[in-house]
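I opened the notebook to look up a few places one by one. Here is what I went through.

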Amino acid sequence: MTAAILETRALHKNFGALAVAQNINFSLEPGRFEALIGPNGAGKSTFINLLTGLVPPTSGSVILDGQDVTALPIEARVKRGLVRTFQINTLFNNLTVAENVILALDEHHGQGWRPLPSPSRRRRIRDEAYDILGRLGLTPWGNREVRELPYGRQRLVEIAIALALRPKVLLLDEPAAGIPSTETGTVIEVLENLASDLAVLIIEHDMDLVFRFAQRITVLVQGAVLARGTPDEIADNETVKAVYLGEGIHA
Amino acid sequence: MPRPTVRVEPVKRLSVPHPGAAAPSTWRGLAMGRTGSDLAIAILLGLGALATLAFGESYWLLGSQVAITMIFALSVDLLVGFAGIVTLGHAVFFGVGAYSVGIASVRLGWTEPLLGLLLAAAVAALLGAATGVLVLRTRGLGQLMLTMAFASMVYEIANRAKPLTGGADGLQGMVVSPILGLFDFDIFGLTAFLYTLAVLAAVVVFAVLMTRSPYGRSLVGIRENRVRMQAIGTGVQKRLLSVYTLSAALAGIAGALLAQTSQFVGLNVLHFSLSGEILIIVALGGAGRLWGALLGAVVFTLFKDRLSALDPAYWYFWLGLLLAVIVLFAPKGLIGLVDRLLAAGRPKETA
Ligand SMILES: Nc1ncnc2c1ncn2[C@@H]1O[C@H](COP(=O)(O)OP(=O)(O)OP(=O)(O)O)[C@@H](O)[C@H]1O
Ligand SMILES: [Mg+2]
C-alpha cells in the first residue's frame with residue numbers, strides 16, 4: 001500500500017458546544033479519487049477548512065506528505081500542493097476569467113513578489129492560463145469578467161484556478177452544485193482527465209456522480225465518520241441507508 | 001435528494017468597506033480603459049510643471065510643496081486605494097522622515113541631501129515595519145484606530161524630546177549641502193523645485209510599474225478577496241506588511257524633501273491633521289488610481305494655498321464644501337470626472 005499523501009489523526013473541531021468534527025481519522029493516497037458525503041450541516045466543508053488551515057482544529061493533526069502541517073498557515077499548505085475549491089464561488093468577480101487564473105499562476109510560479117511588469121513573461125503566463133481554460137471549455141469566456149458568466153460557468157473558474165496551482169491533493173467542495181444537470185458533463189470530463197497521480201477528495205450531493213466515480217466513499221454525519229468503504233459497501237450499508245441515502249439511491 | 005433552500009456557509013468573504021472599494025478593480029481597466037485619463041492628467045501636470053518653471057518664479061516654492069504632497073499622496077494611495085489598508089496616521093512616517101534628515105543635519109552635521117533621503121526612507125520603513133506588524137493584525141475601524149494611536153504617540157515623543165527635535169519650537173538651523181555637490185539650494189527655490197520634481201518623477205515611474213506588476217496586482221487581489229488570495233498560496237500578512245513598509249518609506253522621503261527644501265522641521269509634520277488631509281487628498285483624487293491621487297494633491301494644495309491666503313480661518317469651510325461636492329457628485333473622485341469628460345468627448349465605443 002502506498003503511503004498516504006494526506007492524513008488526519010483524531011481531528012476534532014468544536015464551534016462552541018457544537019462538535020463539527022469528531023475524532024476523524026482519514027487518509028488519502030496519491031492517485032485516488034474519493035468522495036465525502038453526508039447530510040447538510042454534517043461538517044463536510046468544515047473538514048476541508050480544517051485540512052487547508054482556514055479553520056484551526058480544536059485538537060488532532062493534519063499530515064500532508066508525511067509532515068505535520070497542523071500549525072502551518074493556509075498558503076504554506078497550498079505551496080505543498082494542498083489545493084481546494086470553495087462551495088460558494090470565491091472569485092474575483094470584477095476581473096476577467098483569464099486574469100483570475102493568471103493571479104493564481106503568478107503565485108504558483110513565485111511571481112507574487114515581483115514588483116516590475118514583464119510583458120514577455122505575461123504573454124507566457126497568459127498562454128498557460130488559456131491552456132487551462134481550454135480544458136474546461138472556458139476559452140470563449142477568457143476575456144469576460146467573472147460576474148458576466150452564468151453561475152455554472154463560474155463554478156468551472158473555481159476549478160480552473162485550482163488546476164493552475166498544480167495540486168498534489170485536490171479538495172473539491174461540491175464542484176457541480178449550481179451547474180445545470182445538463183452541463184455537469186464538463187465537470188465529469190475534467191475529473192476523468194485529471195493527472196493520474198493526483199489525489200482527489202470530492203464533496204458532492206449528486207449521488208449518481210459520486211457512485212460513478214468514487215473509489216471510496218466516506219460518510220460523515222454530525223461531524224463523525226459513519227462509514228467508509230467502496231461504493232458497493234456504502235450502498236449496502238444499512239446504517240448509511242437509514243441515516244443518509246434513504247430510498248432514492250440505486251447504485 | 002431534496003436540496004435545502006437555506007444553508008449556512010462558513011467561508012465568507014471577510015471584506016471590510018474601505019475608500020478604495022469604489023474604484024473598479026479590473027486590470028483591464030487599469031491597463032487600458034483608464035489610460036486615457038491617466039495620460040490626460042500626466043500631460044496636464046507635465047505642462048503645468050513646465051509652465052511654472054518657465055514663467056512662475058513666484059510659484060517655485062509652492063511647486064515644491066505640491067510635488068512633495070504628490071509623493072505623500074502616492075504613498076497613501078498604495079495602501080488605501082490598492083491594498084485596502086486604512087490609515088489615519090500616515091503623517092507619522094512623513095514626520096519621521098522629516099525629522100530624520102533634520103536631526104541628521106542639525107545634530108550630526110550630515111547634510112548630503114540624497115543620502116538624507118535614503119536615511120529618511122530607511123528610518124520610516126523601520127518604523128513602518130515595526131508598527132505594521134501590529135496595525136495589520138486588525139482590519140477596518142480597529143486598523144484606523146491603531147494607526148492613529150501610533151501616530152499620536154510619536155507626536156508626543158517628538159514634542160517631549162526637545163534636545164533632539166526642538167520640541168514645539170521646531171528644529172532650527174538645518175543645513176543642506178548642494179545636490180550631487182553641484183546644485184545649491186537658491187532663495188528663489190528653483191533648485192528645490194527641480195529637485196522635488198526629479199524625485200517625484202522617479203517615485204511615479206516606480207509606482208506605476210509596481211501597480212502593473214504581479215506584486216501590485218496581488219495587493220488589489222488581497223483587497224478584493226483575501227480568502228481567495230490565501231487559497232492560491234499568497235502569504236497575505238507578509239504581502240501587506242511589505243507594502244505598508246514600502247509606503248512608509250515613500251512617505252518618509254516626502255517628509256525629508258519638505259525638511260530639506262524648507263530647511264526647517266516643525267511638529268506639524270507629525271500632526272493628526274496632516275494624516276487626515278492626505279487621506280482627503282486621495283479620496284478627492286480617486287482612491288486606487290495613482291493619477292487620481294496625484295491630481296488630488298495638486299488641486300488640494302493649490303486650493304488650500306489660494307483660500308488660506310484669502311482667509312486662513314475660513315479655509316476649512318471651503319474645504320468642507322469642496323469635499324461635499326466631490327463626494328456627492330463625483331464619488332470616484334476627480335479622476336472619475338476626467339473619465340466622464342473623456343468618455344463624453346469620444347464617439348460611442350463598440351463594446
Ligand atoms: N465558523 C463557524 N462558526 C460556527 N458554526 C459553524 C461555522 N462553520 C460551520 N458551522 C456549523 O458547522 C456545521 C457544519 O457546517 P459545514 O458547512 O461544514 O456543513 P456541510 O456538511 O458542508 O453542509 P452543506 O452540505 O450544507 O454544505 C453547521 O451546523 C454549521 O452551521
Ligand atoms: Mg458544505
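I count two residues as in contact when heavy atoms lie within 4.5 Å. The model is a predicted one.

**Entry: a threonine in a loop**

With that cut-off I started at A:Thr58. Leaving out residues up to four places away in sequence, I find that A:Thr58 touches A:His12, A:Lys13 and A:Asn14. The side chain of A:Thr58 also reaches the backbone nitrogen of A:Asn14, at 2.9 Å. I place A:Thr58 in the loop between H1 and strand S4 (59-64) of chain A. Its relative accessibility is 48%, so I put A:Thr58 down as partly exposed. I then checked a distance to A:Gly41, which is 17 residues from A:Thr58 along the chain. Their C-alpha atoms are separated by 18 Å.

**Entry: helix H1**

Next I asked how many residues of helix H1 of chain A are buried. The tally is 9 of the 9, over residues 44-52, so the helix is largely enclosed by the rest of the structure. I went through the names: the buried residues of H1(A) include A:Lys44, A:Asn49 and A:Leu51. After H1(A) comes A:Gly53, with a positive phi near 100 degrees.

I then looked at A:Thr52, which sits in helix H1 of chain A. Its relative accessibility is 5%, so A:Thr52 counts as buried. The side chain of A:Thr52 reaches back to the backbone oxygen of A:Asn49 at 3.4 Å. Not counting residues up to four places away in sequence, A:Thr52 touches A:Ile74, A:Arg77, A:Leu82, A:Arg84 and A:Leu171.

**Entry: aromatic rings**

I count 11 aromatic pairs over all chains. I looked up A:Phe26 and A:Phe47. Their ring centres are 5.4 Å apart and their planes stand at 80 degrees, so I log the pair as edge-to-face. A:Phe26 lies in strand S2 (residues 18-28) of chain A and A:Phe47 in helix H1 of chain A, so the pair ties together parts that are 21 residues apart in sequence. Buried or exposed? A:Phe26 is buried at 3% relative accessibility. A:Phe47 is buried too, with a relative accessible area of 2%.

In chain B I noted B:Tyr314 and B:Trp318, an edge-to-face pair with 6.3 Å centre to centre and 80 degrees between the planes. B:Tyr314 is partly exposed, with a relative accessible area of 42%. B:Trp318 is partly exposed at 33% relative accessibility. Ring pairs also link B:Phe300, B:Phe303, B:Trp315 and B:Tyr316 into a cluster.

**Entry: chain A against chain B**

I turned to the interface. Here 42 residues of chain A are in contact with 35 residues of chain B. The area buried between the two chains is about 3500 Å², and carbon and sulfur atoms give 60% of it. Which residues of chain A lose the most area to chain B? They are A:Phe92, A:Glu107 and A:Trp113, together 17% of what that side buries. A:Trp113 came up again: the charged end of B:Arg239 sits over its ring, 4.7 Å from the centre.

**Entry: chain B as a whole**

I count 15 helices and 0 strands in chain B. Of its 351 residues, 53% are buried. Among the contacts in chain B with a separation of 6 or more, 79% are between residues 24 or more positions apart.

Last, I checked two backbone angles. A:Asp65 is not a glycine, yet its phi is positive, about 55 degrees. I find A:Asp65 in the loop between S4 and strand S5 (67-68) of chain A. At 44% relative accessibility, A:Asp65 is partly exposed. A:Arg166 has a positive phi near 45 degrees. A:Arg166 is placed in the loop between helix H5 (151-164) and strand S7 (169-173) of chain A. A:Arg166 is partly exposed as well, with a relative accessible area of 46%.

Technical notes: Residues are numbered from 1 along each chain as its sequence is written. Chains are lettered from A and ligands numbered from 1 in the order in which they are written. This is a predicted model: local features need pLDDT of at least 70, side-chain atom pairs count only at pLDDT 80 or more; totals for chains, interfaces and linings use all residues. Side-chain values use heavy atoms; hydrogens and water are left out. Buried means under 20% relative accessible area, exposed over 50%, partly exposed in between (1.4 Å probe, protein chains only). Helices (H or I, at least four residues) and strands (E, at least two) are DSSP runs, numbered from the N terminus. A polar contact is a pair of N or O atoms within 3.5 Å; within protein, one must be able to donate a hydrogen and the other to accept it, and residues adjacent in sequence count only if both atoms are side-chain atoms. Rings of Phe, Tyr and Trp (its six-membered ring) pair if their centres lie within 6.5 Å; planes under 30 degrees apart count as stacked, over 60 as edge-to-face and the rest as tilted. A charge sits over a ring if NZ of Lys or CZ of Arg is within 6 Å of the ring centre and within 35 degrees of the ring normal. Buried area is the accessible area (1.4 Å probe) that two parts lose on being put together, summed over both.
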